[in-house]
Amino acid sequence: MTKVVRTRVEFEGSVSEELALVQGEDAEPWAQGEELVIVGHPQRRVEGIAKVTGRARYTHDLRLPGMLHARMLRSPYPRARVRRVDPSKALALPGVRSVLHRFNAPKAAFRGEETIFREEVRFVGDEVAAVCADSEAIAEEALALISVDYEVLPHVVDLEEAIDEASPRIDEHGNVHDADRHERGDVRKAFKEADAVVEATYRTATQMHNSFETHGAVAVWDGDMLTVHESTQHIFGVRRGLQAALRIPYGRIRVVCDHMGGGFGSKGGVGKYSIVAALFARELGTPVRCVLDRHEENLAAGNRSATLQKVRIAAKGGRINAIAHDSWSNAGQGRWIADPTGPTKSLYDVPNVLTRSYRVLANTGSLAAFRAPGYVEGTFALECAIDELADRIGIDPLALRRLHAASDRDPISGLRYSLKRLVDCYDIGAQEIGWSRRRPKGLRASAPGLRRGLGMASQIWSGGGTPPAYATVHLNPDGTAVVRIGTQDIGTGTRTIVAQICAEALGIAMADVRVEIGDTDSPYAPISAGSLTVASIGPAIRLAAMDARDQLLDVAAGILEVSKAELRVEGGAVVSRGARTPIAKVFEELQNYTVIGKGARLPNSEELVLKTFGAHFAEVEVDPRTGEVVVDRVVAVHDVGRIVNPLTARSQVEGGVIQALGFALSEERVVDRPTGRVMTPGFESYKVPTVKDVPKIVVRFVDAPDTCANNTGTKGLGEPPIIPTAAAVANAVANALGIRVRTLPLTPQRVLDAVEAAPAAKGGEADRRGDRRS
Amino acid sequence: MPRATPVLGPAAVDVTLDVNGHARAIHIRPQRTLLDALREDLGLMGAKKVCDEGTCGACTVLVDGRPVYACMTLAVATAGRAVETVEGLAHDGGLHPVQEAFIAHDAFQCGFCTPGQIMSVVALLRARPDVTADDVKRAVTGNLCRCGAYPNIVAAALAAAKRKK
Amino acid sequence: MKPFAYVRAGSVAEAARLLGKGSAALAGGTDLIGLMKGGLAAPARLVDLTGIDGLRGWTRERGAGLRIGALTPLVELEESEGLARHLPIVREALADAATLQLRVMGTLGGNLLQRNRCWYFRDQAVPCWLKGGTRCFAVDGENAHHAIVGTDGGCNRVSPSDLAPALIAHDARVSLASARAARTIPLAELFTDPALHRREEHTIRPGEIVTQVVIPDSALQRRGTYVKAMDRKAWSFALVSVAAAARVRDGKLRDTRIVLGGVAPVPWRVEAAEREVDGQPYSDAVAARAADVLLADAHPLKDNGYKIPLAKELVRRALARLAAA
């Protein structure tokens, strides 16, 4: 029976009320301490061999007979009106098949607009036209032959310039838009009555995803049936986007994503490249591939917004009594922002809070969700401000946090958390890093002239998962199974987790489970984002496998002539009173019988708030004479429910920490203001961490199943580890230097500039030493 | 005095590459990079095109045993030299020890940089089986990994080295 | 990349003959192929030098100095134990140069002839002065990585090579050959004097190739060291680098050379700075005086002022290391 209910859904920091279907009965959750044989044990990735042999096929690798190649012509101006497009020279080039632009392209709805080629192009890299040719090289050559008449318009690319009233107004409603506001308690009164107030401005740079596989798609029509292969985190989202753009029914669209070279949030739906590939493929009657190159990826495929954040924080009686947090995010041409004030609203139990968040438009590429969007930026500002306040009132910053971290209720809704073990994270992390060594003026450094410090920060994030998600499990008569679910593995290890949960719940070996994902012809599963994959699909897979097991037991009871209640499935066999009958044997006389198990994710409890928590601790050494920051060690502790695969979970945390270190220390999109051009479109100038930038990373989990969350006790882990690292590092740098650098990334330039501006920090070596040992 | 070599191109020319021990004849223009020749002409999709400008290492292959960026190497210039790609590592269904170690140590997530990482490590361990973590880091500094599998890559390389000894 | 013809030269003479107008010499290709892909170079013919015998490897003969063939891959220079004994600075300078793959591909000659990494220069669509335009976009633009000294009001690029400062600190000379003639010049003169305001970075002439670098015997007496600051722990061009070399006795430096990378359009050397050091017992104050002289004419732009304290610190560090060794 199916029932419609309203349910609260949280995705990337925003909560919405949605309809959900309740189908079937849920299973009892796997309890704490319940003996599981596959889940909770380290398992190698099921696609490991494919990936180490080069056999894994990614969208980039697809080559189909007759396939043509599309490339985009992109605006060289940050803002201009496209008055005329003349493709005749390009069309005359041998091997060029077609050119699409705003005057000949069919209407195709895309992100609230009617066309993919706008009259007004709004950033360097905005799509102006597309060429389809026999090869990428010919298409590339043809781009230069398209003549476009641009009327160049005034532009602004920098966040703070865009806020400035004197700058060009690039949107009819202005450049600055209200995005979010939250108020609780009486902030004015609290600041008036405060014992101490810290007020500071923090800035974070634009971070670019740089997934190794750039965005891209291959479109194939077979009659009126469209198949799109796309490197995506959400095959069903791509299907929805194609349906809207091309106005064809779901039943005629299939989206496939086999292996996928990273997304980090940026591949949440259809792209202009997918629509262009589909349009050309329909027009030309042959498969078309459209894949971005690295520079295009860094112009037009999304980014983490740069932010300007002003935080005022007040203490009274040795506690945090009020926080006011105003934040401006450079959305580029985006229609939303990832709100940086989320952590300020929800992380700590503080009575008086006022947050205001603004979306700022600029002539740069749109933001896209980037691994804990908003929370990474906001946590940096919030957690630095808390450290500054702790310094001001002379209390250990971890001790100050502890006063506000123990509450078991969500301060926004007043509802209880399903589980919150943040204080445990503090205990484990403080022990592991040796927090008791921390002194207000830093630790003893490894060599004269260097400075060493400790810092920490907390994280809160959603990750409770959500319906809808469905799975089927086909049990073959030989005891092997195929689990089918429309999720995708973006590199996190989803395939392996699907196999683990299915094998565990069915009672067969992982090696006997084949995982079929990444195809919209499978049952629906949500976007692989928001740390919601495992907690969304896990319960559905478990139910599907349990359904299959139940049917198997029905069959076995009949065949073995034993009452079903006495039977269980274990290690690929039906077991009763010590007798083991292999599944294949059960089905021996029913050769072609297929057991089909179904499972659907049920809604979350209405009474509980599901969150993940964690804390990172960093130990750094800074050279105030060169501005170099060396992160020695990061201890990452997370409370994310049951860990399904300890092997890949650790990798996930290490990866998050490393990406966050890039954000903290070296990654920064640079845009030239006069020309609007991105100066850092490649890996030479846009500095992602190398192997040598990686510190020792200690990963710990509060491995406690959240049995109130769902039947697997799991929560998400994709995003939590990227959230608190930059703040922990910045706090450690401040502890080391005695100077606060409030702008990320902490490049040698910024550190040196800060040291030069605070000469006291350079000298005073001798008198500081005494403090450090005290 | 050696005889002058003929000028090749700019039109397409016949070139024979030695890839994974096999002579492979292709017909390409001189501007074809080794990476494009492998992927487009020979269908070897292991080496990936990620930056196409010699900055990331995802296209790393071995030429005469040394790791190079295939995207910055002209295919015509590798004629007569031994090219090795990830596809050439596994023999008789058995994985190369470095491949096995990458799986055991979870040295990849999305896997897109993995063929390049593996080729860099294979070249290192062939030259000197006795390696330290610093040697591994030197070998893979030019192989970026956006998922951040670095700690496991270093661990995998050291484990493979230990096994080879 | 635009189509081109490819030819493998068998000898220096043949290469020189093949290098006509519109041709470019190809060695490791790590810079040239990038320039071609980026639309910054479009030679009609590439002359591959890597098949030429005799330009690979190094020799040391008393009286003839240390000779290094221009086609020697960087990795061979880095890994050679023998070379490390004669000229340890080379291994030091290469340790943090680019990546292993680029050092496998790249050659000595190519490293010295690599073009600068200014992001305005590297962006084909920006008509900067060096590419024939009218102005330097870095002046009013994003200039954290640009030159602080020696620009003579012109191009604000910085010299990117790690090897060039190291070799100049050992009085390297470079030999060039063309179809008509051969010449040997101080390596420092391979880099176009910015004061001439010519839109080129090197003084190599059309049809010439670099054949070798020679370190004179006298300079091999010096001890050398190389320090480099980067904005990531590896795989970065220098924010600032310092090559220093001197004969060291009793804590005193003599015959000192100090050459900076990353601060000026060319490897930056000011002889008067070296005289501040020569014959003095080393102290941080002596190093500071030398650094002050080196940077006396520094005029930082909006965002690159940090390079001054950074350069001063690296000069101190390099000289202190020499004195301590």
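A salt bridge here is a side-chain nitrogen of Lys or Arg within 4 Å of a carboxyl oxygen of Asp or Glu. The model is predicted, with local features needing pLDDT of at least 70 and side-chain atom pairs counting only at pLDDT 80 or more, while totals for chains, interfaces and linings use all residues. Residues are numbered from 1 along each chain as its sequence is written, chains are lettered from A in the order in which they are written, and side-chain values use heavy atoms, leaving out hydrogens and water.

**Exercise 1. Describe how chain B meets chain A.**

Step 1. Start with contact, meaning heavy atoms within 4.5 Å. On this basis, 42 residues of chain B touch 49 residues of chain A.

Step 2. Turn to buried area, the accessible area (1.4 Å probe) that two parts lose on being put together, summed over both. Chain B and chain A bury about 3,800 Å², and carbon and sulfur atoms give 60% of that. On the chain B side, Gln109(B), Phe112(B) and Arg146(B) lose the most area to chain A, together 22% of what that side buries.

Step 3. Check the charged pairs: there are five salt bridges across this interface. Asp61(A) forms a salt bridge with Arg39(B), with 2.8 Å between the closest N and O atoms.

**Exercise 2. Work out the strand order of the open sheet in chain B.**

Step 1. Read across the five strands: the order is S2-S1-S5-S3-S4, with mixed pairing. Two strands pair if DSSP finds at least two bridges between them.

Step 2. Find the edges: strand S2 (22-28) and strand S4 (66-69) of chain B each pair on one side only.

Step 3. Zoom in on one pair. Strand S3 (residues 60-63) of chain B runs antiparallel to S4(B), joined by four bridges. Leu62(B) stands opposite Pro67(B) in S4(B).

Note on methods. Helices (H or I, at least four residues) and strands (E, at least two) are DSSP runs, numbered from the N terminus.
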